[in-house]
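Open the model in your viewer and keep the selection panel at hand.

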Amino acid sequence: MAPSTTPDAPFGRMLTAMVTPMLADGSVDYDGAARLAVHLVDEQRHDGLVINGTTGESPTTTDDEKERVLRAVVEAVGDRASIVFGAGSNDTRHSIELAKMAEQAGAHGLLIVCPYYNKPPQEGVYRHMTAIADSTGLPVMLYDIPGRTGIPIETPTLLRLAEHPRIVAVKDAKGDLFAASQVMAATDLVFYSGDDVLNLAWLSQGAAGFVSVVGHVAGSDLHEMIDLYRSGDVAGALALHRRLLPVVTAIMTRTQGVIATKAALNLLGRPGGTVRAPLVDATPEFVARLREDLITGGIKVEATE
């Protein structure tokens with residue numbers, strides 16, 4: 001059993017899809033990954049971290065780099081946070097290899113994205129997901145993000161996948177709240193908001209918590225939003241949601257999320273660093289506006305010299 005979990009929140013409630021910090025020469029900063037993980041867990045109230053998701057630049061990191069980052073994070077915070085490893089790809093065999101590696105490296109769970117680009121039919125999606133879930137003893141969070149993959153995990157497929165004993169959760173970035181409500185009503189699948197723009201809305205639909213990106217800079221606030229909502233203080237959660245609107249806007253809507261997140265971490269003096277091609281680092285103009293939005297949203301940013 002992973003730390004910080006309950007039956008209704010199998011990976012905890014506040015998670016962030018963590019960036020992979022990199023050095024100026026483009027190499028992975030493994031020490032920075034460990035330090036960032038400690039910061040998120042110990043100072044930003046994270047129950048868990050997702051490693052090697054798209055925000056972790058999984059399309060452009062090697063399998064060796066993925067494993068080394070995972071091991072660094074598990075060693076740093078694995079005794080007090082749920083570490084979920086993004087083992088999904090559009091190649092079932094490769095995904096199984098990654099899943100087995102993650103289990104051996106100490107991950108507490110797997111994130112499996114819907115296969116992208118090759119656009120299999122739903123039967124192929126189902127077989128892909130179950131084959132990976134069968135390959136280890138780790139619990140699985142499905143990742144439904146048709147804006148990136150080209151296809152959704154359709155409701156009938158989710159209902160079938162829910163029958164698998166190790167498929168326990170869904171990170172939803174599809175934004176179909178009604179369809180998710182139907183799945184939650186019919187199954188034991190636990191949903192997590194995978195879209196910071198809709199975090200509060202997801203709580204109202206019964207989501208257990210968040211797999212965030214904005215959590216890199218506002219994890220404590222997002223955890224507080226969850227706590228307020230669950231305690232019945234909906235007005236308090238709404239007020240916090242509204243305060244964070246400039247932060248969410250800055251990180252999630254103006255450029256690619258990794259670019260914005262690493263720029264924000266760099267502003268805050270946290271490990272972030274550069275991005276890998278084909279991504280490009282944030283422009284000075286973007287960073288200047290980002291600084292203003294973070295401050296407006298209540299994030300403490302060091303004053304410029």
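Begin with the lining of the largest pocket, which has eleven nonpolar, twelve polar and five charged residues. Here Ala, Val, Leu, Ile, Met, Phe, Trp, Tyr, Cys and Pro count as nonpolar, Asp, Glu, Lys and Arg as charged, and the others, Gly among them, as polar.

The model is predicted: local features need pLDDT of at least 70, side-chain atom pairs pLDDT 80 or more, while totals for chains, interfaces and linings use all residues. Numbering starts from 1 along each chain as its sequence is written, and side-chain values use heavy atoms, without hydrogens and water.

Stay at the largest pocket, with about 550 Å³ of space. A pocket is an open set of points on a 1 Å grid where a 1.4 Å probe fits, with protein on both sides within 12 Å along at least five of seven lines; lining residues have an atom within 4 Å of a point. Select G53, T54, S58, P59 and Y116, the closest to its centre of the 28 lining residues.

Next, select Y143, I145, R148, G194 and M252, which lie nearest the centre of the second largest pocket. About 390 Å³ of space lies there, and its lining has eleven nonpolar, nine polar and four charged residues.

Finally, select residues 245-252 (helix α11) and 284-296 (helix α13), whose axes are 7 Å apart at an angle of about 155°. The two are therefore roughly antiparallel (angles over 145 degrees). Show P246, V247, A250 and I251 in α11, which meet F286, L290, D293, L294 and T296 in α13 (heavy atoms within 4.5 Å). These contact residues divide into seven nonpolar, one polar and one charged.

How values were computed
Axes fitted to C-alpha atoms, helices over the stretch in contact; angles between N-to-C directions. Helix = DSSP H or I, 4+ residues; strand = E, 2+ residues; numbered from the N terminus. Parallel < 35°, antiparallel > 145°, perpendicular 65-115°, else oblique. Points joined across faces, edges and corners; volume = space filled by probe spheres on them.
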